[in-house]
Amino acid sequence: METGTIAITGASGFLGQRLVAHFHARGWEVRALVREPAAFASRIEGVRAYRCDLPDALDDAGIDGADALVHAAYATRATSLEEARRVNEEGTRRVLKAARAASVPRFVFLSSLSAHEGARSYYGRSKLALERTLDPERDLVLRLGLVLAREGDGLFRRLVDAVARARFVPVFEGGRQILQTLHEADCCAAVERALAKDLTGRLAVAEPEGLTYRELLLAIAARLGRPCTLVPLPMAPALALLRATELLRIPLPITRENLLGLRALRFVPTAADLGRLGITARPAGTSLDELLGAALSS
Ligand SMILES: NC(=O)c1ccc[n+]([C@@H]2O[C@H](COP(=O)([O-])OP(=O)(O)OC[C@H]3O[C@@H](n4cnc5c(N)ncnc54)[C@H](OP(=O)(O)O)[C@@H]3O)[C@@H](O)[C@H]2O)c1
């Protein structure tokens, strides 16, 4: 489908906001499913907001008659595993059930390259488990790389802030973990093309080559014109330390979950899936030049 009505959960989030703006600009009727519709309603003229506070509240009017539902709501910052499970697992089941009841032709689940058998983080494991509850014949799973954006509070911007503020940045196991990034515009294009081509099943969407975590940090520092010294730390003691600080409820900028996610990163071939979508995904260097260009000139 080239255009129609699209419902987007998590529309107030980092990716949700971008998808709302993208599909609205392409002439779709966009329904924003958010926790606080009154607060959201004023953001984009013509986009109606509906209540979606998972797993307890979901306004079916936001889903009825939609041609596609993009499920971008996820408790990415939950403070407890119990809360995360309720929102992500019960919540996704609830949204899927509502989409099925309303006969929405396409359910799109935003997953991650972190979803794989070797994942040890709750994030990667929960994404994989949820992917398996979907029907590959009628649903679409997009395993996204790390989305790079000019603004917002996603993981990428947190990395940029860390490099901008701190002279010394820790890396674990030499920062050799492979990351694959995805420019925000390529991310939106991927969702749009997948719908236009009626694709179902699972697609990995990210730059085809990838780079190491260490290379990404140094590339950010270079664009910002900031000195950046990487401080190598061993992974296993850091995990043990974080387990202790989390038991004692001592807040730190990095969590055990973050490190488990980092440790399980691995290269995922994406060229074939990008070919199916008919898009290219910019390499990290190109994205960084574009997105951090303003920082260089300011
Ligand atoms: N960003 C990336 O690089 C990236 C990469 C791969 C996959 N993904 C996936 O893409 C999806 C969106 O990620 P994001 O980066 O946009 O995350 P985000 O900025 O944290 O957005 C999460 C969204 O979920 C909503 N949400 C949280 N708890 C909710 C609840 N109980 N009920 C209803 N909505 C709730 C949030 O609403 P509030 O605004 O009210 O908190 C927000 O709109 C996630 O599934 C994430 O795993 C993201």
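Biologist: At about what angle to E7 does helix H6 run?

Modeller: This is a predicted model: local features need pLDDT of at least 70 and side-chain atom pairs count only at pLDDT 80 or more, while totals for chains, interfaces and linings use all residues. Residues are numbered from 1 along each chain as its sequence is written, and side-chain values use heavy atoms, leaving out hydrogens and water. Helices (H or I, at least four residues) and strands (E, at least two) are DSSP runs numbered from the N terminus, and axes are lines fitted to C-alpha atoms, for helices over the stretch in contact, with angles from 0 to 180 degrees between N-to-C directions. Helix H6 (residues 184-196) lies across E1, E5, E6, E7 and E12, and its angle to E7 is about 160°.

Biologist: Which strands are at the edges of the sheet?

Modeller: Happy to walk you across. Eight strands make an open sheet of mixed pairing, ordered E4-E3-E2-E1-E5-E6-E7-E12; strands pair if DSSP finds at least two bridges between them. The strands that pair on one side only are E4 (57-58) and E12 (201-205).

Biologist: Which residue in E4 is the bridge partner of Cys-52?

Modeller: E3 and E4 run antiparallel and are joined by two bridges. For Cys-52, the partner in E4 is Leu-58.

Biologist: Which peptide bond is cis?

Modeller: Most peptide bonds are trans. Look at the loop between E3 and E4, where Pro-55 is found. Omega is about 5° for the cis bond joining Leu-54 and Pro-55.

Biologist: Where is Ser-103 found?

Modeller: Good spot to check, as most residues other than glycine have a negative phi. Ser-103 has a positive phi, near 50°. Its place is the loop between helix H3 (81-101) and E6.

Biologist: Which residues come nearest to the ligand?

Modeller: A residue is near a molecule if one of its heavy atoms lies within 4 Å of it. Helices H1 (14-25) and H4 (122-131) are among the elements that each supply at least two residues of the shell. Of the 23 residues around the ligand, the nearest are Ser-12, Arg-35, Thr-76, Tyr-123 and Lys-127.

Key:
Contact means heavy atoms within 4.5 Å.
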